[in-house]
Amino acid sequence: MNDFEYIYMIRQDCECAYQMVLSNYESLLWKLSFKNYHIQKPEGIQVFDLVQEAHLGFMEALYTYSEAKFVGLAFYIKLCCESHVLTLLRKCRSLSYKLLDTSFSLDVEIAEGENITLMDVIPNASNEHNPSYQAVLSEARNIFEDILNGFLPHERDCVRLWLDGHSYKEIADIVFKDVKDVDNTLQKIKRMVAYNKPFS
């Protein structure tokens, strides 16, 4: 069977076909993970975390690939896997994982015999429970989604990839457009969003 037949079977939920294709690309997933892990030496994650992200990219590639993309399946799988791995490394660099490694339990008792824990005395500066903030945020999200619905699918993809932290070059590779096209699209959408701000 060729790649397209395997993809068809995988999309029909054939686990056997998925395992066959995975066995052909498993070494690629590990290679991408090890290479990027040893280049960037991230704190807070292990190589296996990157391998799991590569697997997510692999599954995404199998379910989003089409011949209309005018690119080979192997290249597309590599692109999706590497994109997932690099996204995780970017999140790691933003120190979001470092907090997990150096955290204290909020259940630690800080006063003997009084059952007072650390959680009881830490003030919550988050806007998560601020109704006014949440209302404005919800309105802003709705306006943003309305704006996005007025654009073409590849333009919406550009914005979502950019919000996920991808560079213009990475976005251009994924949506098969020039970097300049990606820049123009994002500038256009940013202007629309700025014009439709829900608060003045």
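Is Lys-188 buried, exposed or partly exposed? Lys-188 counts as partly exposed because its relative accessibility is 33%, where buried means under 20% relative accessible area, exposed over 50%, and partly exposed in between (1.4 Å probe, protein chains only). The model is a predicted one, in which local features need pLDDT of at least 70 and side-chain atom pairs count only at pLDDT 80 or more, while totals for chains, interfaces and linings use all residues. Residues are numbered from 1 along each chain as its sequence is written, and side-chain values use heavy atoms, with hydrogens and water left out.

Lys-188 forms a salt bridge with Glu-155, with 3.0 Å between the closest N and O atoms; a salt bridge is a side-chain nitrogen of Lys or Arg within 4 Å of a carboxyl oxygen of Asp or Glu. This pair links distant parts of the chain, as Lys-188 belongs to helix H10 (residues 179-195) and Glu-155 to helix H8 (residues 153-163), 33 residues apart. Helices are DSSP runs (H or I, at least four residues), numbered from the N terminus. Glu-155 is buried, because its relative accessible area is 8%.

By this rule there are 7 salt bridges. Within helix H10, Lys-180 and Asp-183 lie 3 residues apart, about one turn of the helix, and their side chains meet in a salt bridge at 3.8 Å, N to O. Lys-169 and Asp-173 form another, at 3.1 Å; they are separated by about one helical turn because they sit 4 residues apart in helix H9 (residues 168-175). A network of salt bridges links Lys-35, Lys-78 and Glu-82.

A pocket is an open set of points on a 1 Å grid over the protein atoms alone, where a 1.4 Å probe fits, with protein on both sides within 12 Å along at least five of seven lines; lining residues have an atom within 4 Å of a point. The volume is the space filled by probe spheres set on the points, which are joined across faces, edges and corners. Helix H4 (73-93) gives the most to this lining, with 7 residues.

The second largest pocket has about 150 Å³ of space. Its lining includes Phe-144, Trp-162 and Lys-190, and the largest share, 4 residues, comes from H10.

Technical notes
Helix = DSSP H or I, 4+ residues; strand = E, 2+ residues; numbered from the N terminus.
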